[in-house]
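Subject: Structure for you to look over

Hello,

Here is the structure that I promised to pass on. My notes on it follow below.

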Amino acid sequence: IDETLTLTDGGASGSITLGGAATSGSVTLVGAGGVSLGGNLTASNTASAGTVSITGPVTLTQNVVIDADQHADTTVTLSSSVDGAKTFEIDTNAGAIAIQGAIGETTALTSLTINSDGAGTIEVANIGDSTGVGVSGATAIGNTSTTTLTLDGTVYKTTGAQVYTATGGDNIDITNTSNAAFTTTNTAITFGTANIELADGVDLTLDSGDGAGDITLVAIDGHSSEAVTIDAGTGTTSVGAIGAGTEIGAVSIGSSDNGTITLNGAITTTGAVSLDGPVSLATGAITVDSSAGDADISFLHTIDGAQNLTLSSGSGAVDVNGIIGSTTAIGTLTVNASGTGTIAIEQIGDGDPASGSLGATIGNTGTTSVTFDGTEYTMNGATTVTAQSGDSIIFSGGGATTFTTSNDAITFGT
């Protein structure tokens with residue numbers, strides 16, 4: 001027989017204390033003054049969907065597992081905060097999980113695991129707050145079967161690594177219009193399998209600290225030029241496609257800590273794009289296109305990887321302030337086939353490898369100026385440089401400048 005355990009505080013400020021485990025078909029706890037959990041909660045309904053419902057701030061006095069996967073549709077809802085220096089795990093099958101208060105609002109949990117399997121939707125409001133971390137250890141939310149993971153808070157702050165996973169597609173939804181920041185202390189941040197989808201007006205910040213906390217994500221989609229800032233410190237940032245059309249505004253990846261940046265897809269924006277770290281072109285031809293907003297594109301370090309690279313900025317400036325093909329020659333390089341934006345390129349190739357790219361097409365007849373502010377440009381393919389008429393192709397490297405190809409044409413036009 002499916003039964004229900006219901007405990008209420010009987011008033012507006014009472015509390016409930018469970019000193020051990022509790023099992024019932026469904027579990028309902030109402031404690032406006034607080035609910036203290038000293039053991040696991042199990043919803044054992046099998047004939048029909050049950051529920052675990054906790055109303056009031058939760059304090060963990062022991063490690064706690066909420067086990068609600070005995071029936072496929074049993075749900076778990078926590079209306080308020082969850083605190084306590086203990087481990088916390090929630091498990092459903094296809095039932096929804098909603099945590100509507102901050103996790104670790106006053107006392108950080110030691111670890112957090114939500115649905116390491118099962119297809120149930122998950123909602124998590126916040127982890128930590130502006131002044132402190134919400135989980136001191138690892139956080140793992142969702143799995144490759146999770147239908148939708150909704151992160152509708154503004155703060156997701158931990159000391160340990162964060163992993164967010166849902167089924168493939170636009171199924172990690174970040175929705176708070178006051179923007180959202182995910183931060184760790186030199187540990188990894190991973191968004192797996194699913195794309196991040198930013199709701200209208202939600203800017204995103206991912207920051208793993210100054211140390212070697214890698215940041216990895218599949219893709220980011222937006223709605224109305226939302227801004228994206230990613231800083232993995234000395235760690236590696238690995239990103240797929242960011243934006244399409246006018247979905248995403250400014251994109252900033254990296255910092256003065258100079259962690260490497262791996263590009264696995266196009267970056268398309270209406271705002272400026274800044275990549276502050278050595279860049280590796282990893283998966284297919286890579287395009288960085290800010291022409292919809294005539295915004296600047298800046299590479300502050302080297303660019304390597306055997307893929308074609310296309311940069312399009314409209315009237316925005318393109319500045320490559322590092323060696324293209326410093327360790328691995330890129331494919332063909334195309335910069336501003338249209339548009340009037342200025343172009344500055346420091347160096348292509350450095351003799352090891354022998355060339356920095358498999359040819360290059362730089363500028364067009366409307367390009368305001370092309371500046372070569374280095375002294376070495378080595379390409380293994382035909383190279384064409386074009387700008388508007390006048391003294392608009394500029395060599396400013398301060399020494400003898402060499403353009404070299406492997407028996408291929410070099411053309412300076414207009």
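Strand S31 and strand S34 (residues 286-289) pair in the parallel sense over 2 bridges; helices (H or I, at least four residues) and strands (E, at least two) are DSSP runs, numbered from the N terminus, and two strands pair if DSSP finds at least two bridges between them. Within that pairing, isoleucine 267 stands opposite valine 288 of S34.

Before the rest, a note on the source. This is a predicted model, in which local features need pLDDT of at least 70 and side-chain atom pairs count only at pLDDT 80 or more, while totals for chains, interfaces and linings use all residues. Residues are numbered from 1 along each chain as its sequence is written, and side-chain values use heavy atoms, with hydrogens and water left out.

The open sheet

S31 and S34 belong to an open sheet of 7 strands with parallel pairing, in the order S31-S34-S37-S39-S41-S44-S47. Strand S31 (267-268) and S47 are the edge strands, each with a single partner strand, so one side of each has no neighbour in the sheet. Strands of a sheet pair through backbone hydrogen bonds, either parallel or antiparallel.

S47 covers residues 410-413 and contains phenylalanine 412. Is phenylalanine 412 buried or partly exposed? Its relative accessible area is 40%, so phenylalanine 412 is partly exposed (buried means under 20% relative accessible area, exposed over 50%, partly exposed in between, with a 1.4 Å probe and protein chains only). Together with Phe395 and Ile410, Phe412 forms a nonpolar patch on the surface, with about 260 Å² of accessible area for the three together. Patches are made of residues with over 30% relative accessible area and no salt bridge, where like charges are joined within 9 Å and nonpolar side chains (Val, Leu, Ile, Met, Phe, Trp, Tyr) within 5 Å. A salt bridge is a side-chain nitrogen of Lys or Arg within 4 Å of a carboxyl oxygen of Asp or Glu. Accessible areas come from the Shrake-Rupley method with a 1.4 Å probe, and for residues only the protein chains shown count as cover.

Aromatic pairs

Phe412 is also part of a cluster in which ring pairs link Phe372, Tyr377, Phe395, Phe403 and Phe412. Rings of Phe, Tyr and Trp (its six-membered ring) pair if their centres lie within 6.5 Å; planes under 30 degrees apart count as stacked, over 60 as edge-to-face and the rest as tilted. How many aromatic pairs are there in the whole structure? A search finds 11. One of them joins phenylalanine 182 and phenylalanine 191, edge-to-face, at 5.4 Å centre to centre and 80° between the planes. Phenylalanine 182 is buried at 0% relative accessibility, and phenylalanine 191 is buried at 1%. Phenylalanine 372 and tyrosine 377 have ring centres 5.0 Å apart and planes at 75°, so this pair is edge-to-face. Phenylalanine 372 is buried at 0% relative accessibility, and tyrosine 377 is buried at 0% as well.

Strand S15 (residues 122-127) is mostly covered, with 5 of its 6 residues buried. Strand S13 (residues 97-103) runs parallel to S15 and is joined to S15 by 5 bridges; alanine 102 has asparagine 126 of S15 as its bridge partner. S15 also pairs in the parallel sense with strand S17 (residues 149-151), over 3 bridges, and there glutamate 123 stands opposite threonine 150.

The loop between strand S14 (111-114) and S15 holds asparagine 115. Asparagine 115 is buried, with a relative accessible area of 0%. Asparagine 115 is not a glycine, yet has a positive phi of about 50°.

Asparagine 258, also not a glycine, has a positive phi of about 65°. Asparagine 258 is in the loop between strand S29 (248-254) and strand S30 (261-263), and is partly exposed at 36% relative accessibility.

Leucine 29

Leucine 29 is in strand S4 (residues 26-30) and is buried at 0% relative accessibility. Among the residues that leucine 29 touches are Leu7, Ile16, Val35 and Ile54, leaving aside those up to four places away in sequence. Leucine 29 and threonine 368 are 339 residues apart in sequence and 69 Å apart in space, C-alpha to C-alpha.

Regards

How values were computed. Contact = heavy atoms within 4.5 Å.
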